[in-house]
Each structure stands twice: as C-alpha cells, then as structure tokens.
Amino acid sequence: MFKKKKHAAVKATFREVWSKGSIATKLSFFIMGSNALENKQWVKGLTLLLAEVAFIIWFIFSGISAISMLTTLGENKTKKVVYDSAQGVYITKQPSNSVLILLFGLLAVIICIAMIYLYIVNLRSTRKNYVLSRDGKHILSNKEELASLFDSRLHDTLMAFPILGILCFTILPTIFMISMAFTNYDRQHPIAFSWTGFQAFGSVISGDLSGTFFPVLGWTIVWAIAATATTFFFGVLLALLIESKGIKHKGFWRTIFVIVWAVPQFVSLLMMAQFLDYQGALNNILMNIGMIAHPIHFIDSQASPLVARITVIIVNMWIGIPVSMLVSTAIIQNLPTDQIEAAKMDGANAMQIFKSITFPQILFVMAPSLIQQFIGNINNFNVIYLLTGGAPMNNRYNGAGSTDLLVTWLYNLTFGQEQRYNASAVLGILIFIISAVFSLLAYRHTNAFKEG
C-alpha cells in the first residue's frame with residue numbers, strides 16, 4: 001500500500017511533459033486537444049480544438065476591437081456634421097454608443113479569461129495523460145470519458161449550465177454596474193461617456209450628493225435596526241402568547257396571522273397606503289370616534305418626517321411579525337422542557353424563564369436569520385416605495401425624500417429627473433460594502449459562529 005501511494009504521488013512538471021512528451025503532447029501547448037485526439041478521446045479533443053479555433057477567429061475579427069475600445073469607450077463623444085467627399089454631401093455622424101462598447105468590451109474580457117481557464121484545463125488533461133502513459137497505466141477511452149461525465153464527474157456536468165448562467169446573468173451585469181461608477185454616465189452624457197476615475201465616488205461621499213447620502217444612510221441604518229428588532233421581538237411575544245397553555249384553538253390564531261403574510265406584499269402595502277391616506281379610512285374612523293378634530297398626514301407629501309418614519313416602521317411590523325412568529329413557534333415547540341420545569345421548581349417566574357431560557361435559545365437559533373433580515377431591510381425597496389414613495393420630500397436632499405432608503409434613492413437617481421447613472425452605480429457599490437461589513441461583523445459575534 002505504501003508503494004502505491006508513493007508511486008501515485010509521482011507527478012510530472014509541465015517542463016517534463018514538454019521535453020519528454022510525444023509530438024501531439026507538445027502540440028497541445030499550442031493546439032488544444034492534440035493530446036486528447038492522439039489518445040482517441042474524440043469528444044474532448046474536438047471540443048478543445050474547435051473552442052480554440054472559434055476563439056482565434058472571434059479574437060481577430062471582433063475581440064481585439066472590443067477590448068481596445070474599452071480604453072476610450074468610443075472616439076465620437078458628440079454628434080457631428082461632417083462632409084462626405086465620396087457622396088459630396090454633409091452627413092450627421094452620431095456619437096459612439098458607450099453603453100454597448102462597455103458591455104461588449106467586458107464580455108470580451110470575460111471570454112478571454114474563460115479561454116485562459118480552458119487552456120489550463122487542456123494542459124492539465126495533457127499532463128494527466130502523459131503521466132498515465134509514462135507509468136504504463138490505462139488512459140480513458142472516448143467512451144469512458146463520456147461515461148465519467150455522468151459518474152465520477154457528474155458534479156462537473158451538473159454545474160456547467162449554472163456556472164454559464166451565473167457568468168451571463170450575474171457576473172457580467174455586476175461588473176458592468178461597477179464599471180459605470182467610474183464614468184460620467186448621466187443625463188448630460190446619455191449615449192457617449194468617458195472614464196472619470198473616482199469622480200462619481202467623490203460626488204456621493206464629499207461632493208454635491210454628500211448632503212443627501214449621509215442623512216439617507218443614517219435613516220437606512222435606523223430603519224434596518226428598528227424594522228428587524230420590532231418584527232423579531234413582537235413575533236417572539238406573539239408566538240409565546242399563542243403557545244401559552246391558556247390559549248385555545250392555537251392553529252386558528254396562527255392561520256389568521258399567516259394570512260397577512262400570505263397576501264402578496266405589494267397588495268398589502270397598496271391597501272395600507274389607501275388606509276393611511278389623508279382622506280383614508282383611518283382618519284375617518286379617528287374623526288368619527290372623536291379622537292382627532294382634523295385628519296392626520298401620515299405618509300403623504302405634507303406629513304411630518306418623524307410621523308412618516310414611525311408609520312412605515314409600524315406597517316412593516318404588521319407585515320413582518322407573522323414570519324418571526326412562525327419561526328419562533330417552531331423553536332418554542334422544540335425547547336427542552338426539563339430546563340423550564342427545573343426553573344419553575346427553583347421559583348423562577350415567567351419573565352425570568354423568558355429572559356434566561358426561552359429568549360437566549362430563540363436568539364441563538366435565529367441569529368443568522370436576523371442578520372439576513374437586517375440586510376434585507378437595508379434593501380427593502382417595496383415598503384418605502386409602495387407606501388410613501390419617499391415622501392415627505394426634503395428640499396435639502398438631492399432626489400430623495402425623508403423616508404427614502406439608499407436603495408430607493410438609487411432608484412430615483414436612475415429613473416427620476418436626475419438620471420445620474422454613475423452615482424447610482426456608486427450607491428450600489430456602497431450598499432454592497434455596507435451590507436457585507438455589517439453581516440460579517442454581526443455573524444462573527446453570534447454564538448452560532450463561535451460554537452460552529
């Protein structure tokens with residue numbers, strides 16, 4: 001057994017493969033798939049060969065141009081009228097479409113990186129076949145190679161299409177969005193734009209948008225903490241109330257609260273917006289019972305910023321408490337009863353049991369979920385946009401209202417009158433950084449991480 005392990009550990013360097021390999025093995029360093037074709041691994045060899053041929057043709061006729069244009073994002077930045085000597089007339093020359101140039105340029109870079117990875121795969125396959133041939137071992141045939149894709153290498157087969165989808169629909173759009181943050185892509189430059197470095201970051205952090213960014217950031221953090229804490233705490237209390245011994249028809253009460261969660265969120269929020277309107281049902285009810293003499297501006301443009309913010313937090317509680325209630329119910333039903341019974345025998349009251357046994361165990365299990373809810377609330381677009389639309393507006397803010405979060409302000413900068421796409425991209429990057437930092441710091445301080 002020791003000899004087999006020792007023999008299996010003997011590998012070959014690429015220098016050895018080049019110096020001692022066959023002609024086809026050496027050709028694999030330049031023509032991908034040559035070694036595989038020599039060993040009659042037809043599918044692998046032809047796939048690698050055709051991929052290289054297709055890449056070379058694409059790179060010569062399109063790739064070089066796409067990558068080279070990334071440096072300028074197009075030469076023509078404005079519409080020009082030029083004289084066409086061939087036709088003898090003046091023609092209008094349109095500006096370069098920098099959006100397409102940037103998109104196809106980034107795609108070309110990703111294709112080149114993918115080709116480099118495929119070339120490395122080719123070299124590793126060549127080295128593997130060389131070692132097997134050198135040691136007198138069996139080299140997989142074409143049929144055996146194909147069979148391994150559905151056996152020992154099934155994971156590679158299953159991951160191929162998801163990875164391709166991630167590249168096209170996640171990585172490429174993300175890189176494209178990040179790249180826009182380093183340009184002057186805005187309403188003044190809607191078609192042709194240029195690289196401007198960190199200028200857009202300066203505008204958000206210390207420039208004309210800084211007076212909006214920091215107040216909106218502060219409210220976003222306050223909102224995320226309040227929305228997460230209130231839904232969690234009251235969800236736990238509701239679960240404890242329903243699970244208490246004196247409550248009958250527990251399933252019925254759970255179902256009532258779950259219905260609130262089951263209704264599509266946008267429907268619930270639009271209904272609440274009508275309910276809280278200046279002329280809505282809530283104001284009419286309060287006036288009819290004599291609690292108020294005049295309607296209250298809860299969420300419209302004339303509302304007080306403090307009232308509007310408290311209102312959205314309360315409405316979010318109505319939507320989010322049922323979720324926390326369901327999760328807490330599952331945890332409470334599985335709590336060890338021996339600890340609770342022992343605490344009762346020692347004279348602990350209900351509040352002491354909740355503080356020392358029930359709540360810590362619920363928090364231990366739900367801590368990762370709470371972090372996820374916190375990040376979700378930082379990016380909670382629906383509640384703010386559908387309920388208040390950012391209102392009331394604040395004249396000191398640039399494109400944002402008093403209840404706008406960073407994510408809704410990003411939307412306003414993109415689709416509102418500002419149309420500052422580069423600043424929106426900067427906000428997207430900053431939101432990601434803030435979310436990542438908060439989640440990592442919070443998760444590292446949870447007991448689930450420390451004891452995991």
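Hi everyone. Let me start with a definition: a helix here is a DSSP run, H or I, of at least four residues, and helices are numbered from the N terminus. By that rule, Ile 23 sits in helix H3, which covers residues 23–27. Please keep in mind that this is a predicted model.

Let's stay with Ile 23 for a moment. Is Ile 23 buried or exposed? Its relative accessibility is 68%, so Ile 23 counts as exposed. Its C-alpha atom is 9.6 Å from that of Glu 38, a residue 15 positions away along the chain. Together with Trp 18, Leu 27, Phe 30 and Ile 31, Ile 23 makes up a nonpolar patch with about 520 Å² of accessible area. Trp 18 comes from helix H2, residues 14–20, and is partly exposed, at 39% relative accessible area.

How many salt bridges does the structure hold? There are seven. One of them pairs Arg 134 with Glu 16, with 3.0 Å between the closest N and O atoms. Arg 134 belongs to helix H6, residues 98–134, and Glu 16 to helix H2, so this pair ties together parts that lie 118 residues apart in sequence.

Next, have a look at Lys 44 and Glu 145. They form a salt bridge with 3.4 Å between the closest N and O atoms. What does this pair tie together? Lys 44 is in helix H5 and Glu 145 in helix H7, residues 142–148, so the bridge connects parts that are 101 residues apart in sequence. Lys 44 is partly exposed, with 23% relative accessibility, while Glu 145 is buried at 10%.

Now over to Asp 208 and Arg 420, whose salt bridge has its closest N and O atoms 2.6 Å apart. Here both partners are in loops: Asp 208 between helix H9 (199–205) and helix H10 (210–243), and Arg 420 between helix H18 (406–415) and helix H19 (421–444). The pair links distant parts of the chain, 212 residues apart. Asp 208 is partly exposed at 47%, but Arg 420 is buried at 16%. And a quick return to Lys 44: through salt bridges that share partners, Lys 44, Glu 145, Arg 153 and Asp 156 are joined into one network.

On to the rings. The structure holds 21 aromatic pairs. Among them is the pair of Phe 55 and Phe 59, which is stacked, with 5.6 Å centre to centre and 20° between the planes. Phe 55 is buried at 18% relative accessibility, and Phe 59 is partly exposed at 28%. Elsewhere, Phe 381, Tyr 385, Tyr 411 and Phe 415 make up one aromatic cluster. There is also a charge over a ring: Arg 127 lies over the face of Phe 14, 4.5 Å from the ring centre.

Across the pair, Val 81 stands opposite Thr 92 in S2. The hairpin has four residues between its strands, and Gly 88 there takes a positive phi near 75°.

Let me finish with some backbone details. Which residues other than glycine have a positive phi? Lys 40 is one of them, with phi near 60°. Lys 40 is in the loop between helix H4 (34–38) and H5 and counts as exposed at 54%. His 249 is another, with phi of about 55°. His 249 is found in the loop between H10 and helix H11 (250–262), exposed at 63%.

Thanks, everyone!

Key: Residues numbered from 1 in each chain as written. Predicted model: local features only at pLDDT ≥ 70, side-chain atom pairs only at ≥ 80, totals over all residues. Heavy atoms only, no water. Phe/Tyr/Trp six-rings, centres within 6.5 Å; stacked < 30°, edge-to-face > 60°. Buried < 20%, exposed > 50% of the residue type's maximum accessible area, 1.4 Å probe, protein only. Lys NZ or Arg CZ within 6 Å of the ring centre and 35° of its normal. Patch = residues over 30% accessible without salt bridge, like charges linked within 9 Å, V, L, I, M, F, W, Y side chains within 5 Å. Areas by Shrake-Rupley, 256 points an atom, 1.4 Å probe, with all protein chains shown as cover. Salt bridge = Lys/Arg side-chain N within 4 Å of Asp/Glu carboxyl O. Helix = DSSP H or I, 4+ residues; strand = E, 2+ residues; numbered from the N terminus. Pairing = 2+ DSSP bridges.
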